[in-house]
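Here are my notes for you, written to be read with the model open beside them. Take the points in order and find each spot as you go.

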Amino acid sequence: MEIERLRLRLVPQDYLLFSPSVSASADEGFDSLDIVRYSSIKTEYFHWSKVILLKGLLIHANVHLISRICAQSWGTASQAVPMDATSTSGVGPYIQYHSIVEQPLSLVSQLQQTYPRRQRHCFGDAAPGEFPLATNPSIVLHILSGSDLEPQDLAKLEASTHCFLSWINVEIDNANNATCSFFRKPANFAPDHELSISELAALDMCRKRAIFRPMTAEEAKALKLRCGGSWKLVLRFLVAGEACCRREKSQAIAGPGHSIAVTSSGQVYSFGSNNSGQLGHGTLEEEWRPRLIRSLQGIRIIQAAAGAGRTMLISDAGRVYAFGKDSFGEAEYGVQGAKVVTTPKAVESLKHIFVVQAAIGNFFTAVLSREGRVYTFSWGNDAKLCHQTEPNDLEPHPLLGPLENIPVVQIAAGYCYLLALGCEPSGMSVYSVGCGLGGKLGHGSRTDERYPRLIERFRTLNLQPMVVAAGAWHAAVVGQDGRVCSWGWGRYGCLGHGNEECESVPKVVEALGKVKAVHVATGDYTTFVVSEGGDVFSFGCGESSSLGHAVGEDGQVNRYQNVLSPGLVTSLKQVNERVVQVSLTNSIYWNAHTFALTDTGKLYAFGAGDKGQLGVELAGNQTERARPERVDIDLS
């Protein structure tokens with residue numbers, strides 16, 4: 001039984017306590033919904049002992065609502081709650097809290113006062129078993145919105161007939177039925193009286209997202225319909241995108257010869273090769289140290305993508321800024337893109353599309369809108385991505401086929417193919433389209449796919465995909481349960497199955513069976529996996545020391561050795577930091593380098609560094625670094 005306990009630091013100020021049972025000396029004698037004001041409490045910590053999450057269900061048994069701590073978002077009891085979007089359309093007036101009369105208790109001894117015990121229920125004189133806080137639904141709404149619940153938790157509150165609620169002197173079956181009914185029925189909040197408390201909480205959490213806030217009422221309604229008609233499904237769509245793309249969080253991108261680092265506040269640093277102006281500093285000079293792109297001042301960047309000779313940045317307003325080679329589709333050493341742009345320039349053809357992610361592959365570029373629609377540029381004249389374009393075409397074309405009606409949360413581009421992670425009401429799914437060489441599309445064959453096609457293997461494996469990664473010739477997925485699947489061309493052991501054989505359908509990496517993975521990154525015949533605890537495993541091609549296996553168990557240097565099965569990157573383990581993201585070069589023409597980003601915002605780099613892409617100047621004739629060393633930049 002997994003129980004998460006919450007603890008908050010208190011100051012000797014005013015507190016509101018809502019306690020349905022007697023559990024601690026500080027609140028002894030106060031029953032459900034009895035409101036007490038303390039003018040002073042000497043304890044430094046006060047334990048939210050029974051506000052717990054149990055198997056994804058909200059359990060309310062002893063909720064201490066702290067008025068001072070919640071003042072900024074909550075205000076006084078009569079103030080409006082910042083829930084200005086409670087209607088089906090996404091916009092509505094603020095919801096008012098129920099008025100709470102603050103009557104100070106006459107205290108002879110503050111913590112020893114005897115208080116007459118009374119049992120109150122949600123509907124006045126109703127029989128015991130009703131949900132105690134139902135008389136204050138706005139308070140319940142505040143608890144749900146502020147508890148960082150997953151969308152499936154909110155759904156379970158409505159649907160479950162087994163909420164595991166146990167009150168003192170209350171029949172558990174009555175509590176179950178009353179509580180679930182409370183969360184399921186309309187909350188009667190204006191202007192949309194039909195939305196339940198759970199739906200309102202989901203909408204409130206959607207409104208906290210940067211990409212959702214600017215939406216008009218019509219846009220929000222359209223997104224809700226596209227996601228399946230529920231705000232909980234919209235929340236799941238937004239949360240899934242944040243999890244797999246580190247949206248609005250710090251990130252590092254190891255591009256072909258150059259590097260991009262985005263801070264949590266949205267500032268962008270670049271360094272490395274700059275022969276096409278891909279660093280965005282207005283010059284063509286290489287940078288061996290991270291340098292801030294000053295022309296982006298006042299623009300908050302939430303996503304970045306790096307390709308051969310070009311960079312794309314995405315702002316929190318959905319605008320796309322590109323610099324480097326002025327083309328969306330030329331090959332890495334092709335003849336197109338002779339014109340270069342040395343400072344970030346807004347892509348005018350995308351100004352009417354709110355973009356949240358970009359992926360740069362060989363011969364083409366793809367972008368993802370906030371509504372989950374995929375657009376592509378410059379696939380070529382054979383129409384393999386459903387449209388006819390020229391390699392230097394600067395106009396986006398919607399990706400046709402099954403994904404037209406399925407919201408996509410993540411895209412990943414490799415050598416002439418694209419993966420898309422779909423968010424359907426029935427669960428998460430992966431679609432692939434493009435070149436099938438090596439079996440990298442995952443359909444059991446090596447044939448090309450003109451339209452996106454569902455990879456059906458994940459249903460057979462009973463795996464819910466949560467993160468997708470597209471290498472040059474192979475691909476990988478992390479499931480919700482932490483399993484890792486890989487498929488495609490297995491050269492150098494990049495699939496992690498202990499051999500170099502190709503796999504034309506996703507196959508679970510059995511060597512990671514005891515590891516719960518949360519992140520995966522793929523490159524040119526290399527793969528990295530990050531575990532829930534922050535450990536990093538790598539396998540595949542050891543060229544340019546990009547796997548991080550600098551020293552073997554026997555103490556001998558083996559940094560160039562190919563690794564056929566996942567191996568712990570002990571050199572990262574030694575930095576005593578929890579890694580949350582890995583990025584590595586995904587190019588068949590450049591020597592690879594690798595970044596490892598920690599939860600404290602520290603960035604470590606290793607691999608090829610001959611162009612300054614590691615963020616440091618290498619000594620003497622060195623062109624690479626085998627051990628991870630910290631880059632002089634703080635991304636927190």
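1. Let's start with a pair of helices: which residues in α5 meet which residues in α7? On the α5 side they are Ser198, Glu199, Ala202, Leu203, Met205 and Cys206, and their partners in α7 are Trp231, Lys232, Val234, Leu235 and Leu238. Sorted by type, the residues of this contact are eight nonpolar, one polar and two charged. Bear in mind that this is a predicted model.

2. How do the two helices sit against each other? Two packed helices are described by the angle between their axes and the distance between those axes. Here α5 covers residues 197-207 and α7 covers residues 231-245; the angle is about 35° and the axes are 8 Å apart. The crossing of α5 and α7 is left-handed.

3. Is alanine 187 buried or exposed? Its relative accessible area is 16%, so alanine 187 counts as buried, the cut-off being under 20%. If you skip the neighbours within four places in sequence, alanine 187 is in contact with His193, Leu195, Ser196, Ile197 and Leu200. Have a look at serine 138 too: it is 49 residues away along the chain, yet the two C-alpha atoms are separated by 9.2 Å.

4. Next, some backbone angles to check. Most residues other than glycine have a negative phi. Glutamate 248 is not a glycine, but has a positive phi of about 70°. You'll find glutamate 248 in the loop between α7 and β8 (251-254), where it is partly exposed at 22% relative accessibility.

5. Phenylalanine 363 is another one to look at, with a positive phi of about 75° although it isn't a glycine. Its loop runs between β16 (355-360) and β17 (365-369). Phenylalanine 363 is partly exposed, with a relative accessible area of 29%.

6. In the model, residues 601-636 are 50% strand and 0% helix, and their end C-alpha atoms lie 4 Å apart.

7. Finally, the whole protein. There are nine helices and 35 strands, and 59% of the 636 residues count as buried. Among contacts with a separation of 6 or more, 55% link residues 24 or more positions apart. The accessible surface is about 26,400 Å², with 48% of that belonging to carbon and sulfur atoms.

Conventions
Residues are numbered from 1 along each chain as its sequence is written. This is a predicted model: local features need pLDDT of at least 70, side-chain atom pairs count only at pLDDT 80 or more; totals for chains, interfaces and linings use all residues. Side-chain values use heavy atoms; hydrogens and water are left out. Axes are lines fitted to C-alpha atoms, for helices over the stretch in contact, and angles run from 0 to 180 degrees between N-to-C directions. Helices (H or I, at least four residues) and strands (E, at least two) are DSSP runs, numbered from the N terminus. A crossing is left-handed if the near helix is turned anticlockwise from the far one by less than a right angle, and right-handed if clockwise. Contact means heavy atoms within 4.5 Å. Ala, Val, Leu, Ile, Met, Phe, Trp, Tyr, Cys and Pro count as nonpolar, Asp, Glu, Lys and Arg as charged, and the others, Gly among them, as polar. Buried means under 20% relative accessible area, exposed over 50%, partly exposed in between (1.4 Å probe, protein chains only). Accessible areas come from the Shrake-Rupley method with a 1.4 Å probe; for residues, only the protein chains shown count as cover.
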